[in-house]
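Please keep the sequence and the structure in view while reading.

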Amino acid sequence: MAVVVGFIPTEVGFAALAAARTEAELRGGPLVVVNVVRDGVEDDPRHADEQQLEIARDQLRKARVRVEIRQERTEEDIADTLLRVVTEERAEVLVLGIRRQNDLARHLLGLTVQRLLLSSPSDVLVV
């Protein structure tokens, strides 16, 4: 069954990518890597550039499952975009990387992660 990972080009994002690869290989894949690019928000550090996407491809080259890397351009909410992909792919698992910040875990993990945890039709693995 499919595994979807919400990818951001950070240390945490690459850790999520590695965990997603492991999950996809255990489940027989495929692995769908999604980087969401918000239209009109040009300087968002969550947007992966071509070099960062190439690093992700390099980490996944020897995966034993089919890998698809997608950059989804949208005006909608990041959570909505990831939920749409999870549904389209009939994913068994959604993998997310979270930053470990204080302020009560960034108000209990942040709104996007909260929405995904509560709304995903699949299991969610948080790394």
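Patches are made of residues with over 30% relative accessible area and no salt bridge, where like charges are joined within 9 Å and nonpolar side chains (Val, Leu, Ile, Met, Phe, Trp, Tyr) within 5 Å. A salt bridge here is a side-chain nitrogen of Lys or Arg within 4 Å of a carboxyl oxygen of Asp or Glu. Accessible areas come from the Shrake-Rupley method with a 1.4 Å probe, and for residues only the protein chains shown count as cover. In this structure, Leu117, Leu118 and Val126 form a nonpolar surface patch, and together they have about 280 Å² of accessible area.

The model is predicted: local features need pLDDT of at least 70, side-chain atom pairs count only at pLDDT 80 or more, and totals for chains, interfaces and linings use all residues. Residues are numbered from 1 along each chain as its sequence is written, and side-chain values use heavy atoms, with hydrogens and water left out.

The protein chain has five helices and five strands; helices (H or I, at least four residues) and strands (E, at least two) are DSSP runs, numbered from the N terminus. Along the sequence these elements follow the pattern β-α-β-α-β-α-β-α-α-β. For 127 residues, a compact globule would have a radius of gyration near 14 Å, and the protein chain agrees with this because its own value is 14 Å. That radius is taken over C-alpha atoms, and the globule rule is 2.2 Å times the number of residues to the power 0.38. The C-alpha trace spans about 40 × 30 × 25 Å along its principal axes.

How much of the protein chain is buried? Of its 127 residues, 43% count as buried, a term that means under 20% relative accessible area, with exposed over 50% and partly exposed in between (1.4 Å probe, protein chains only). The accessible surface of the chain comes to about 7200 Å², of which carbon and sulfur atoms hold 49%. Val126, in strand β5 (residues 123–126), is partly exposed, with a relative accessible area of 32%.

Strand β1 (residues 3–6) contains Val4, which counts as buried because its relative accessibility is 0%. Leaving aside neighbours within four places in sequence, Val4 is in contact (heavy atoms within 4.5 Å) with residues including Val32, Val34, Val85 and Val95. Arg70 belongs to strand β3 (residues 67–74) and, at 13% relative accessibility, is also buried. Among the residues that Arg70 touches, not counting those up to four places away in sequence, are Val32, Val34, Val85 and Glu89. Over the whole chain, residues 24 or more positions apart account for 75% of the contacts with a separation of 6 or more.

The structure holds one aromatic pair. Phe7 and Phe14 form this pair, which is edge-to-face, with 5.1 Å from centre to centre and 80° between the planes. Rings of Phe, Tyr and Trp (its six-membered ring) pair if their centres lie within 6.5 Å; planes under 30 degrees apart count as stacked, over 60 as edge-to-face and the rest as tilted. Phe7 is buried at 1% relative accessible area, and Phe14 is buried at 17%.

Two loops complete the account. Pro30 lies in the loop between α1 (11–27) and β2 (31–38), and the peptide bond from Gly29 to Pro30 is cis, with omega near 0°. Arg90 is found in the loop between α3 (78–89) and β4 (93–96). This residue, which is not a glycine, has a positive phi, near 50°. Arg90 counts as exposed, since its relative accessibility is 68%.
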